[in-house]
Amino acid sequence: MDENWEIQLQRIWQKLGTISNEEFIQQIKNHISLFKGSQAIANFEMACTFDSTGHEKEAEPLYRSALAQGLSGLRRRRARIQLASTLRNNGKIEESIHILREEKANYSDELNDAVDSFLALSLSSAGEYKEALSLTLKAISLHLPRYNQSLSNYADALYKESF
């Protein structure tokens, strides 16, 4: 992986919201054209770009392609989370829930709370409010300076009620 390419990519991402979406998309496209590595990474970065600028329908096939092409590491985990979020926004809630439950069951890293948060959003969209609230409270309980155990216990009780 070209470290300089990654640094330049992050510099472009820092412009999101400070330049027009069209200009941002074009800058990412231009930068990706310079990438000599995996097409999976290029597709993932383009999917992120479309997703972040409100073009979820364009992002979905690029996430799928990046994953099918063997995207790995943290980008793979991010792609699964972001694809699930995009699917929810595109009305494919059950598939979103499936992907996030699979991530929750099979992987653990610094993005666990993100998985739970997006799963909570998808569950809420599916009308599964108690389980969604339980996941949210459980995630929050890990970061509080106090009441961690109490909040975690309430989250567990809500989860049990949801089934």
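Modeller: Tyr147 lies in the loop between helix 8 and helix 9. The model is a predicted one, and in it Tyr147 has a positive phi of about 65° although it is not a glycine. Tyr147 counts as exposed because its relative accessibility is 60%, and the cut-off for exposed is over 50%.

Helix 6, helix 7, helix 8 and helix 9 (148-161) are the elements that give two or more residues to its lining. Helix 8 provides the largest share of the lining, 4 residues. Among the lining residues are Arg101, Lys104, Asp116, Leu119, Glu131, Ser134 and Leu135, and the list also includes Lys138, Ala155, Asp156 and Tyr159. By type, the lining divides into 6 charged, 4 nonpolar and 1 polar residues.

Helix 8 also holds Thr136. Thr136 counts as partly exposed because its relative accessibility is 32%, which falls between the limits of 20% for buried and 50% for exposed. The side chain of Thr136 reaches back to the backbone oxygen of Ala132, at 2.9 Å. For a sense of distance across the protein, take Thr136 and Ile19: they are 117 residues apart along the chain, and their C-alpha atoms are separated by 33 Å. The whole C-alpha trace spans about 50 × 35 × 30 Å along its principal axes.

The wider setting is helical. The protein has 9 helices and 0 strands, and read along the sequence its pattern is α-α-α-α-α-α-α-α-α. Of the contacts with a separation of 6 or more, 49% are between residues 24 or more positions apart. Buried residues make up 42% of the 163 residues.

Next comes the interior. In soluble globular proteins, nonpolar side chains tend to be buried together. Here the largest nonpolar core has 37 residues, and the members that touch the most others are Ile28, Phe44, Met46, Tyr63 and Leu71. Two or more residues come from each of helix 1 (3-13), helix 2 (21-33), helix 3 (39-52), helix 4 (56-68), helix 5 (73-89), helix 6 (93-106), helix 7 (112-125) and helix 8 (129-141). Helix 3 gives the most to this core, with 8 residues.

Leaving aside neighbours within four places in sequence, Tyr63 is in contact with Phe44, Ala47, Cys48 and Asp51, among others.

Glu45 counts as buried because its relative accessible area is 2%, and buried means under 20%. Not counting residues up to four places away in sequence, Glu45 touches Trp5, Leu9, Trp13, Ile28, Ile32 and Arg75. Ile28 in that set is among the core residues that touch the most other members.

How values were computed:
Residues are numbered from 1 along each chain as its sequence is written. This is a predicted model: local features need pLDDT of at least 70, side-chain atom pairs count only at pLDDT 80 or more; totals for chains, interfaces and linings use all residues. Side-chain values use heavy atoms; hydrogens and water are left out. A nonpolar core is a set of buried Ala, Val, Leu, Ile, Met, Phe, Trp, Tyr and Cys residues joined through side-chain atoms within 4.5 Å. Buried means under 20% relative accessible area, exposed over 50%, partly exposed in between (1.4 Å probe, protein chains only). Contact means heavy atoms within 4.5 Å. On a 1 Å grid over the protein atoms alone, a cavity is a set of points where a 1.4 Å probe fits but cannot get out, and a pocket is an open set with protein on both sides within 12 Å along at least five of seven lines; lining residues have an atom within 4 Å of a point. Ala, Val, Leu, Ile, Met, Phe, Trp, Tyr, Cys and Pro count as nonpolar, Asp, Glu, Lys and Arg as charged, and the others, Gly among them, as polar. A polar contact is a pair of N or O atoms within 3.5 Å; within protein, one must be able to donate a hydrogen and the other to accept it, and residues adjacent in sequence count only if both atoms are side-chain atoms.
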